[in-house]
Amino acid sequence: MWSQEVLALSRRWLLMTLRERLNLLFSVLQPAVWLIFFAGGMGGAVDARVVGTGDYIAFAVPGVIAFTVVGNGVTAAMPLLFDKETGYLDKLLSMPIRRSSLIVSRFVFQVGMNSAQVLVILLVAFALGVRPASGPLGVLAILLVTALLTLALTAAAMALACAVPSHGTFFAITGFASLPLLFMSNAFVPLSAMPGWMEVVARVNPLTYAIEAMRVLVLRGWGAGVPVSLGALAVASALLLAVGAWQFTRQTSHRIT
């Protein structure tokens with residue numbers, strides 16, 4: 001059954017992660033460190049009239065979550081990349097399993113990992129005095145936004161992993177693109193404070209809509225901007241998923257012929 005294939009492959013990703021426990025520990029804790037040292041340190045230097053709130057940590061929580069998902073999106077594609085280079089991907093493709101289960105299992109695993117990290121971030125933010133205005137249901141909505149963003153970024157990273165000839169090229173491209181992708185959004189600065197050209201770029205960046213939805217949930221509750229941002233993020237995720245699936249099929253169709 002397809003579900004059994006997905007669960008078996010998800011278990012493989014989990015076992016690979018658990019074998020590197022120190023890596024897992026630092027990966028889970030790193031976003032909390034960002035929130036404490038970056039947002040906590042910058043809070044006193046930020047004009048409350050610019051960001052729209054006197055609580056910069058609450059303002060930065062969605063940005064730290066997005067930053068975490070961007071980093072995890074890159075690492076999500078690494079197992080596929082190394083499987084391709086070592087030839088293990090060919091062995092998987094020669095088995096009687098559906099190709100979609102390879103991609104979906106990675107999404108399932110990555111959504112679980114990102115959700116755990118988001119909960120750690122929210123717990124640290126709670127300890128620092130941040131109370132989401134949307135309440136407990138807002139936390140579930142933030143996890144939904146994180147899942148959609150995970151889908152978009154993991155699909156894009158996996159499409160890139162399929163297309164490039166080696167892991168060196170993959171890391172060169174992702175290393176170059178990750179920070180501009182983050183800073184060309186409203187992660188740590190509102191759109192209204194950006195130069196005009198940067199605001200235009202930020203408005204076509206899927207991160208902006210994920211961050212905007214989470215920021216409204218944290219600062220203002222269930223505002224009208226949440227469904228609009230969620231809709232834009234869902235469209236971007238669907239497009240990137242279609243590109244990722246097409247690239248995976250295209251790049252793997254000849255590997256077992």
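The second largest pocket is lined by V70, G73, V74, L153, A156, A157, L160, I173, T174, A177, S178 and L181. Two or more of these lining residues come from each of the helices α4, α7 (135-163) and α8, and α8 gives the largest share, 5 residues. By class, the lining divides into 9 nonpolar, 3 polar and no charged residues. Here Ala, Val, Leu, Ile, Met, Phe, Trp, Tyr, Cys and Pro count as nonpolar, Asp, Glu, Lys and Arg as charged, and the others, Gly among them, as polar. The volume of this second pocket is about 230 Å³.

Please note that this is a predicted model, in which local features need pLDDT of at least 70, side-chain atom pairs count only at pLDDT 80 or more, and totals for chains, interfaces and linings use all residues. Residues are numbered from 1 along each chain as its sequence is written, and side-chain values use heavy atoms, with hydrogens and water left out.

Helices are DSSP runs of H or I with at least four residues, numbered from the N terminus. A pocket is found on a 1 Å grid over the protein atoms alone, as an open set of points where a 1.4 Å probe fits, with protein on both sides within 12 Å along at least five of seven lines; its lining residues have an atom within 4 Å of a point. Grid points are joined across faces, edges and corners, and the volume is the space filled by probe spheres set on the points.

I turn now to the largest pocket. How much space lies in it? The largest pocket holds about 690 Å³. Its lining is made by 28 residues, and N23, S27, N72, T75 and M78 lie nearest the centre. The elements that give two or more residues to this lining are α1 (2-18), α2, α4 (56-86), α6 (99-127) and α8 (167-183). Of these, α4 gives the most, with 9 residues. The lining of the largest pocket has 12 nonpolar, 13 polar and 3 charged residues.

Next, the surface. L22, L25, F26 and L29 make a nonpolar patch of about 420 Å². Such a patch joins nonpolar side chains (Val, Leu, Ile, Met, Phe, Trp, Tyr) within 5 Å, from residues with over 30% relative accessible area and no salt bridge. Areas come from the Shrake-Rupley method with a 1.4 Å probe. L25 belongs to helix α2 (residues 21-42). L25 counts as partly exposed because its relative accessibility is 43%; buried means under 20%, exposed over 50%, and partly exposed in between.

Finally, the salt bridges. How many does the structure hold? There are 4 salt bridges, each defined as a side-chain nitrogen of Lys or Arg within 4 Å of a carboxyl oxygen of Asp or Glu. One of them joins R49 to D47, with the closest N and O atoms 3.0 Å apart. R49 is exposed, at 74% relative accessibility, whereas D47 is partly exposed, at 33%.

In another, the side chains of R203 and E199 meet at 2.9 Å, N to O. Because R203 and E199 are 4 residues apart in helix α9 (residues 196-203), about one helical turn separates them. R203 is partly exposed at 43%, and E199 is partly exposed at 21%.

E212 also forms a salt bridge with R220, the closest N and O atoms being 3.8 Å apart. With 27% relative accessibility E212 counts as partly exposed, while R220, at 58%, is exposed.

Terms used
Patch = residues over 30% accessible without salt bridge, like charges linked within 9 Å, V, L, I, M, F, W, Y side chains within 5 Å. Buried < 20%, exposed > 50% of the residue type's maximum accessible area, 1.4 Å probe, protein only.
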